[in-house]
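Here's a quick look at the inside of a protein model. Have the viewer open as you read.

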Amino acid sequence: MNTRWTIFLGIIAAIVFGWFYHLNQLANPQSLILSDKKGELNTPTYIGENMRTLAFNKKGEKDYEATAPKVTYFQQAGVTQFQSPHLVLFSDDSAKVVPAWQITAQSADLKDDVVTLDNDVRVLNLQPDPVVKTLTTEKAFVNLNNGDYHSPTTTTITGPQLTAVGKSMSGNFKQQQITLENQVDTHYEFKQP
């Protein structure tokens, strides 16, 4: 497992255990914490609320920030599920690190540094004067290590002067690359100076 995810999971575990201790002082928490006695993959190891994680790259600069109102971790499957995730990817192309992309969805799973986003996936370009402002689709996969992403579902790209739709999409957030694939339909609006 990646070092940053190990640190992230350690912090979440410490918060959950602190919360568990606090609840133990107030009442019997057995109904609140689910155990993994049966070894079932559908039984979570822990559940966290109002999660916020800030990850850094090897240079010590911000790499991404993730927030979610609810996080559920399944240790045996090695999967973390996020409810209404909000992910911000940072760019290090300039002299300072700035937010570059904002990604939201109704749900997401994280396994082996790949985030699978589901339902109403929206990507917003936060950089000044972008050609592409938004990407919308129903399912997308994002590799947090290298910035690669793809969507096997219909994707719509919008910008100040364009709208494009393709049956699938791929690209790289760090390299600012977007490729629409399969039956692409593009409309440009040319504005007079």
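Which residues line the second largest cavity?

## The second cavity

They are I103, L117, V121, V123, L135, T137, A140, V142, Y149, M169 and F173. A cavity here is a set of points, on a 1 Å grid over the protein atoms alone, where a 1.4 Å probe fits but cannot get out, and lining residues have an atom within 4 Å of a point. Strand β8 gives the most to this lining, with 4 residues; strands are DSSP E runs of at least two residues, numbered from the N terminus.

## What you're looking at

This is a predicted model, where local features need pLDDT of at least 70, side-chain atom pairs count only at pLDDT 80 or more, and totals for chains, interfaces and linings use all residues. Residues are numbered from 1 along each chain as its sequence is written, and side-chain values use heavy atoms, with hydrogens and water left out.

## Around S151

S151 sits in strand β9, residues 148–151. With a relative accessible area of 1%, S151 counts as buried (under 20%, 1.4 Å probe, protein chains only).

The side chain of S151 makes a polar contact of 2.9 Å with that of T137 (a pair of N or O atoms within 3.5 Å, one able to donate a hydrogen and the other to accept it; residues adjacent in sequence count only if both atoms are side-chain atoms). The S151 side chain also reaches the backbone oxygen of K139 at 2.5 Å.

Conventions:
Buried means under 20% relative accessible area, exposed over 50%, partly exposed in between (1.4 Å probe, protein chains only). On a 1 Å grid over the protein atoms alone, a cavity is a set of points where a 1.4 Å probe fits but cannot get out, and a pocket is an open set with protein on both sides within 12 Å along at least five of seven lines; lining residues have an atom within 4 Å of a point.
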